[in-house]
Amino acid sequence: MTNTQDPLVIFTPSGKRGRFAVGTPVLTAARQLGVDLDSVCGGRGICSKCQITPAYGDFSKHGVHVALDALSEWNNVEQRYQDKRGLKAGRRLGCQATVQGDVVIDVPPESQVHRQVVRKAASARVIEMDPATRLFYIEVDEPDMHEPTGDLERVARALKAQWDIADITAEFSVLRTLQTVLRKGAWKITVALHKAGDSAPRITAAWPGLHEGGLYGLAIDLGSTTIAAHLTSLETGLVAASSGIMNPQIRFGEDLMSRVSYAMMNPGGDQEMTRAVREALDTLTLDIARDAGIAPSLILETVFVCNPVMHHLLLGIDPVELGQAPFALATSKSLSLSASDLDLTALPASAQIYVLPCIAGHVGADAAAVALSEEPGKSEDLALIVDVGTNAEILLGDKSRVLACSSPTGPAFEGAQISSGQRAAPGAIEAIRIDPVTKEPRFRVIGCEKWSDEDGFWDETAQSGITGICGSGIIEAVAEMRIAGLLDSKGLIGSAEQTGTARSIPEGRTHAYLIHDASAEGGPRITVTQGDIRAIQLAKSALYAGARLLMDERGVDKVDRVVLAGAFGAHISPLHAMVLGMIPDVPLDKVTSAGNAAGTGARIALCNVGARREIERVVREITKVETAIEPKFQEHFVNANAIPHATDPFPELGKITTLPNVSFNTGSGGDGGGRRRRKRG
């Protein structure tokens with residue numbers, strides 16, 4: 001039995017929390033909360049699968065201060081494992097560390113039973129190849145005592161004579177090995193030459209003889225919650241592998257302002273977050289190279305797209321100025337660096353880094369990448385492009401003008417802060433339908449193409465189990481509850497008496513909808529609670545309010561088409577997005593998915609140096625709208641709390657479905673029946 005005096009334990013990235021008695025093992029706390037923390041050895045400290053990372057300092061978002069003695073001292077079992085196999089710096093074993101005070105604990109991806117599925121997959125796209133880094137085979141004159149010149153100078157002479165490339169330089173790391181490479185190749189070598197903009201061509205790698213092992217680059221979408229990478233051939237443009245990893249900065253704060261706050265309140269906090277994300281990038285680089293079966297030394301270029309806070313933390317710049325007006329960036333221009341500048345040790349030190357330009361203090365390089373990919377400034381009709389994540393990037397434009405803003409949606413759309421929420425992983429509910437008459441659900445989980453009412457579903461999901469609900473699943477669940485009359489326009493869940501189903505179960509003073517109950521077999525009980533509805537309402541209201549601000553700026557009440565970008569866009573049906581009121585009302589056939597548009601923009605910039613010049617020009621022409629200081633944002637936000645909306649009409653939605661006119665805040669059941677009528681036509 002716990003009481004309010006017991007220490008508060010908060011797990012990230014799940015957001016699950018609870019109070020536990022002093023001395024409770026972290027693994028025990030995780031299991032009681034349903035946190036996805038692996039363990040094979042039964043808590044004996046042998047398997048090390050329960051590794052966790054405690055975070056210390058002030059966490060204003062959670063209202064806690066984590067002292068250095070929040071967990072028990074390092075014990076003999078942990079020391080024995082450290083001596084034999086080694087633990088990453090800052091890691092503890094969840095089965096050995098016990099709770100001593102309020103604590104925030106991060107469960108790293110490798111400690112999660114259900115590993116994340118990368119949903120920001122690379123979209124198929126024809127890209128004109130004009131990379132900044134290319135391979136050149138040359139035959140170099142041997143040294144001559146009668147004509148004393150250095151090896152590098154003769155390499156330069158060969159490039160000028162054989163390829164008409166003049167005034168080259170070389171990375172110092174290349175210069176250190178150049179003599180060995182030349183002699184091993186009998187004066188015939190292949191060099192990787194990087195040329196971008198007005199800078200001098202730079203040799204970033206050299207191989208003996210003719211190099212046929214490939215040349216690669218990374219396009220990285222560095223998100224607040226997820227880091228997605230696409231390993232791309234710089235010769236063909238083909239994606240060799242895609243991979244993703246959770247952003248470990250989640251343990252410092254789930255949203256951007258929480259991380260800025262952490263940096264403000266904890267001296268050195270910004271450097272701590274920079275180290276965490278760079279280590280994750282090194283891990284991701286090694287993983288993706290292994291997946292593709294190539295040596296990391298062949299990755300000679302990387303392009304980053306990210307929001308402004310991630311941009312600053314990647315570069316090692318304190319983001320404190322981004323937490324207060326006028327939200328000044330250290331620089332909004334694009335950056336060309338080397339891997340050694342960012343201490344990215346998994347890449348060759350000579351690998352070149354390009355960071356796309358930011359648009360404004362809260363509108364970052366990820367929005368610029370979306371603009372590069374989707375080209376709203378070339379659109380004949382008025383297009384609204386929405387890239388949804390923990391921080392949403394929104395673009396509105398046509399040939400005459402493009403506007404952009406960022407809206408703080410929070411992590412609910414990605415399954416965080418949801419009672420049964422989890423990241424996208426096998427076993428997570430990703431789609432759901434609720435019968436409007438019986439109120440019974442059927443669902444589909446990641447890793448299985450069948451629906452839960454189809455033959456073979458339970459056999460195919462026996463290994464993964466039904467583990468929780470991810471972002472796409474919770475969005476569809478809330479929309480389906482509204483369509484089926486389980487939820488009223490204000491977001492209140494009806495009781496069993498009001499809705500006519502025993503799946504509406506009491507939970508304190510409110511109600512929840514039961515989707516799946518495996519508690520009798522020791523499995524999870526998956527529900528949508530009133531708190532979950534509120535989290536989704538807040539997230540979708542911020543998104544809609546941002547879009548409305550851009551529409552106000554253009555002086556329009558409707559748009560011609562909507563493009564859904566990001567992991568969200570690829571996995572949510574337009575109908576559910578519109579029922580929820582996430583996007584303005586348009587004909588459903590005018591809502592399309594662009595996949596991971598930010599990642600596609602990064603790949604375009606990686607493969608085409610001219611595209612870099614183009615986006616550097618385009619961002620200067622985009623009108624920035626700052627949601628944080630716009631007085632109408634709050635009005636739009638409040639009106640958007642209703643599902644789908646308190647004041648904006650949705651005539652196109654009305655042509656497809658009639659939402660039940662129910663109200664659950666007065667004790668009456670509204671029209672009671674809550675039957676959904678889907679219209680044909």
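At 1.5 Å a residue, the 13 residues of helix α4 (residues 172–184) should span 18 Å, and the C-alpha atoms at its ends are 19 Å apart, which agrees; the expected span is 1.5 Å times one less than the number of residues in the helix. Helices (H or I, at least four residues) and strands (E, at least two) are DSSP runs, numbered from the N terminus. The model is a predicted one, in which local features need pLDDT of at least 70, side-chain atom pairs count only at pLDDT 80 or more, and totals for chains, interfaces and linings use all residues. Residues are numbered from 1 along each chain as its sequence is written, and side-chain values use heavy atoms, with hydrogens and water left out.

Helix α4 has a kink of about 45°, centred on L178, where the bend at a residue is the angle between axes fitted to the seven residues ending there and the seven starting there. L178 is also one of the buried residues of α4, together with V174, V181 and L182; buried means under 20% relative accessible area, exposed over 50%, and partly exposed in between, with a 1.4 Å probe and protein chains only. The cover over these buried residues includes α3 (151–163), β10 (188–194) and β11 (202–208), with contact taken as heavy atoms within 4.5 Å. Just after α4, A186 takes a positive phi of about 55°.

Elsewhere, six strands form an open sheet of mixed pairing, in the order β28-β27-β18-β19-β20-β29. The strands β28 (591–595) and β29 (623–624) stand at the edges with a single partner strand each, so one side of each has no neighbour in the sheet. Two strands are said to pair if DSSP finds at least two bridges between them.

Within this sheet, β18 (residues 383–387) runs parallel to β27 (residues 561–565), to which five bridges join it, and L384 has V562 as its bridge partner in β27. With β19 (residues 392–397), β18 pairs in the antiparallel sense, again over five bridges, and here D387 has E393 as its bridge partner. A hairpin of four residues connects β18 to β19.

In a regular strand the side chains alternate between the two faces of the sheet. In β18, A383, I385 and D387 point one way while L384 and V386 point the other way, and all are buried; β18 is accordingly described as mostly covered, with five of its five residues buried.

Most residues other than glycine have a negative phi, and most peptide bonds are trans.

| Site | Backbone value | Loop |
|---|---|---|
| T12 to P13 | cis, omega near 10° | P13: between β1 (8–12) and β2 (17–19) |
| I643 to P644 | cis, omega about 5° | P644: between α17 (632–639) and α18 (651–654) |
| K439 | positive phi, about 65° | between β21 (428–434) and β22 (441–445) |
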